[in-house]
Amino acid sequence: MKTDFLVVGGGIVGLSTAMQLALSYPDASVRVLEKERRLAVHQTGHNSGVIHAGVYYEPGSLKAKFCRAGVEATIAFCTRHQIPFEQCGKLLVATTPVELERMDALEERCRANGLDPERLSAEELEDREPNITGLGALFVRVTGIVDYSAMAHAMARELEEAGGTIELDCAVTAIAEGPDLVSVATTKGIFEAAQLVVCGGLQADRLARMAGFDVDFQIVPFRGEYYRLNARHNDIIKHLIYPIPDPALPFLGVHLTRMIDGSVTVGPNAVLGFAREGYSKGSVDFGDIASMLRFPGFWRVMGANLFSGIREFRNSLSKKRYLALCRKYAPSLALEDLEPYPAGIRAQAVMKDGALVHDFLIRETPRMLHVCNAPSPAATSSLPIGAHLVNRIGLQREVLGLAPASATAA
Ligand SMILES: Cc1cc2nc3c(=O)[nH]c(=O)nc-3n(C[C@H](O)[C@H](O)[C@H](O)COP(=O)(O)OP(=O)(O)OC[C@H]3O[C@@H](n4cnc5c(N)ncnc54)[C@H](O)[C@@H]3O)c2cc1C
């Protein structure tokens, strides 16, 4: 089973890369290997569905660059594939004087990232969103919503139309790179390829270790738990409503998100997960826990974030506390308005010294590219990330003396 390009991972990053490889190298064979029976069942199928504008990210980082390009690319892709999306805009709402100060810094960050946010007073906020209260807000017009699972499936169709193939139920168990080929052992046999790209999300560190990398990071799972508002509240907001994030914390805070199906979700929080792929509350995987406990970076990150970690746990255990987070800006919400909604699990790479990896992390050898960290907004950015990986493969092929690069990303 020999192909020119093998891509491990049937999430949105792997599928975007595979699709763009097939379009860039029409004479080459491209195959995706996915361990589940369906595509997009992990992070790609369990997220907020927000097309992020690029508000928060370090200017000049890959995250900032890919996110900006990702908004346009996502909209163009959805338009071409008739996938519903909406650019409804987002309000970042300050509810305390400290948050108003943080809002100034956030406004500057927006401008450094090429955005032009509108500043709203408390009265202007109330005019625009009668059910939301705050001392002021930033309005970011380009933020939108979409179903990333639908996008991933459209990418899979485009890949197959271009001649690519997808192996489902095919878990990678070993990877060996030789001078001419990479050999990949799976539950469906051995696959060989001239080039391998690995986009394994929550399993990225294990796949990198399998391939012989000296892995100095580990994926730590952070659950993102949601509620859905009772359907009578589907019109409670016109935009997405976000709190002003605490710069000391890596996640964005519980927000109100209009989903593309018309419902409104509340969340996600960020609670340490005890299973990388266990979605129900209380899921435990002893192998995942053991590898976390053995990793020095885990203890350092827990030590540095002990108080916020305990607070997130308490908010997760108590619906009342969770509600209090949203009532800061949506005071009319009541306990009975929050209905169950499936959680997602973020793959967060943590270095040995306990530093959270905020940007994309890519490791490579002559014949392999491993995406080791693809945090939010990687769904928004999936098309530019795929284009970037295709370009890097082009460079690798030149070094190897293979066909020249002709990356013409979608
Ligand atoms: C709660 C939450 C909210 C988010 N909200 C947003 C948002 O609003 N906007 C946004 O842009 N981003 C958001 N994100 C981030 C975004 O969803 C992810 O960054 C993105 O989906 C990552 O895609 P991926 O393809 O790298 O990973 P995944 O979708 O997790 O795919 C990885 C795939 O690799 C497969 N795999 C792993 N190991 C193996 C193996 N050994 N063999 C074969 N296959 C394997 C897995 O089964 C999986 O299908 C959110 C994420 C979460 C969890």
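Axes are lines fitted to C-alpha atoms, for helices over the stretch in contact, and the angles between them run from 0 to 180 degrees between N-to-C directions. The exercises below concern a predicted model.

**Exercise 1. Describe how helix 2 packs against helix 5.**

Solution.
Step 1. Two packed helices are described by the angle between their axes and the distance between the axes.
Step 2. For helix 2 (residues 62-81) and helix 5 (residues 148-161), the axes come within 11 Å and cross at roughly 70°.
Step 3. Angles of 65 to 115 degrees count as roughly perpendicular, and helix 2 is therefore roughly perpendicular to helix 5.
Step 4. The crossing of helix 2 past helix 5 is left-handed.
Step 5. On the side of helix 2, the contact involves Thr74, Phe77, Cys78, Arg80 and His81; helix 5 contributes Met151, Ala154, Met155 and Glu158.
Step 6. Sorted by class, the residues of this contact between helix 2 and helix 5 are 5 nonpolar, 2 polar and 2 charged.

**Exercise 2. Describe how helix 9 packs against helix 10.**

Solution.
Step 1. The axes of helix 9 and helix 10 (residues 319-327) are 5 Å apart, and the packing angle is about 110°.
Step 2. With that angle, helix 9 is roughly perpendicular to helix 10.
Step 3. Helix 9 supplies Arg314, Asn315 and Leu317 to the contact, and helix 10 supplies Lys319, Arg321, Tyr322 and Leu325.
Step 4. The contact of helix 9 with helix 10 comprises 3 nonpolar, 1 polar and 3 charged residues.

**Exercise 3. Characterise the second largest pocket and its lining.**

Solution.
Step 1. The volume of the second largest pocket is about 730 Å³.
Step 2. Its lining consists of 33 residues; Leu249, Gly253, Ser308, Arg311 and Glu312 lie nearest the centre of the pocket.
Step 3. Two or more lining residues come from each of helix 3 (97-112), strand 17 (271-272), helix 8 (296-304) and helix 9 (306-317).
Step 4. Helix 9 gives the most, with 8 residues.
Step 5. The lining of the second largest pocket divides into 21 nonpolar, 6 polar and 6 charged residues.

**Exercise 4. Locate the cis peptide bonds at Pro268 and Pro377, and the positive phi of Ala40.**

Solution.
Step 1. Gly267 and Pro268 are joined by a cis peptide bond with omega of about -10°. Pro268 belongs to the loop between strand 16 (264-267) and strand 17.
Step 2. From Ser376 to Pro377 the peptide bond is cis, omega being near 15°. Pro377 is placed in the loop between strand 20 (368-373) and helix 11 (382-400).
Step 3. Ala40, a residue other than glycine, has a positive phi near 60°. Ala40 is found in the loop between strand 2 (30-33) and strand 3 (50-51).

Key
Residues are numbered from 1 along each chain as its sequence is written. This is a predicted model: local features need pLDDT of at least 70, side-chain atom pairs count only at pLDDT 80 or more; totals for chains, interfaces and linings use all residues. Side-chain values use heavy atoms; hydrogens and water are left out. Helices (H or I, at least four residues) and strands (E, at least two) are DSSP runs, numbered from the N terminus. Angles under 35 degrees count as roughly parallel, over 145 as roughly antiparallel, 65 to 115 as roughly perpendicular and the rest as oblique. A crossing is left-handed if the near helix is turned anticlockwise from the far one by less than a right angle, and right-handed if clockwise. Contact means heavy atoms within 4.5 Å. Ala, Val, Leu, Ile, Met, Phe, Trp, Tyr, Cys and Pro count as nonpolar, Asp, Glu, Lys and Arg as charged, and the others, Gly among them, as polar. On a 1 Å grid over the protein atoms alone, a cavity is a set of points where a 1.4 Å probe fits but cannot get out, and a pocket is an open set with protein on both sides within 12 Å along at least five of seven lines; lining residues have an atom within 4 Å of a point. Grid points are joined across faces, edges and corners, and a volume is the space filled by probe spheres set on the points.
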